[in-house]
Amino acid sequence: VWPWPRTYYAAALDQLVAAGASTIALDIDLSARSTPEADATLEAALMRAGRMVILPAFKQPVGINISRPGLAETRPLDLFARHVSLASVLVHPDP
């Protein structure tokens with residue numbers, strides 16, 4: 001449910017669509033499941049909004065070996081990704 005329950009995002013999406021938004025980008029990691037009900041609510045809102053929603057696909061360094069860090073790739077769950085456009089996000093966290 002971090003940072004907010006998915007139902008909050010679903011409600012915000014519906015309000016943005018109703019207000020006439022043409023593009024909605026959410027910089028939120030949706031790669032893990034929440035509750036089945038919350039996931040279904042968000043999926044339905046994404047389906048209603050269609051391809052105007054952009055979700056991130058992250059690539060970020062992992063590991064403690066600075067000379068040879070690995071990369072972790074994180075994408076939205078398929079139940080969300082199939083309704084939206086994806087954008088690449090490259091994250092370089094501070095040590």
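Which residues touch the most other members of the largest nonpolar core? They are Leu13, Leu42, Leu46, Val53, Leu55 and Phe80, in a core of 17 residues. A nonpolar core is a set of buried Ala, Val, Leu, Ile, Met, Phe, Trp, Tyr and Cys residues joined through side-chain atoms within 4.5 Å; buried means under 20% relative accessible area with a 1.4 Å probe, protein chains only.

The model is predicted: local features need pLDDT of at least 70, side-chain atom pairs count only at pLDDT 80 or more, and totals for chains, interfaces and linings use all residues. Residues are numbered from 1 along each chain as its sequence is written, and side-chain values use heavy atoms, without hydrogens and water.

At least two residues of the core come from each of α1, α2, β2 (53-62) and α3 (78-81). Helices (H or I, at least four residues) and strands (E, at least two) are DSSP runs, numbered from the N terminus. Helix α2 gives the largest share, 4 residues.

| Helix | Residues |
|---|---|
| α1 | 6-18 |
| α2 | 36-49 |

Their axes, lines fitted to C-alpha atoms over the stretch in contact, lie 8 Å apart at an angle of about 20°. The helices are therefore roughly parallel, a term for angles under 35 degrees on a scale from 0 to 180 between N-to-C directions. The contact (heavy atoms within 4.5 Å) includes Leu13 of α1 and Leu42 and Leu46 of α2.

His83 lies in the loop between α3 and β4 (85-90). His83 is buried, at 15% relative accessible area, and touches Glu43, Leu46, Met47, Gly50 and Arg51, leaving aside residues up to four places away in sequence.

Note on methods:
Angles under 35 degrees count as roughly parallel, over 145 as roughly antiparallel, 65 to 115 as roughly perpendicular and the rest as oblique. Buried means under 20% relative accessible area, exposed over 50%, partly exposed in between (1.4 Å probe, protein chains only).
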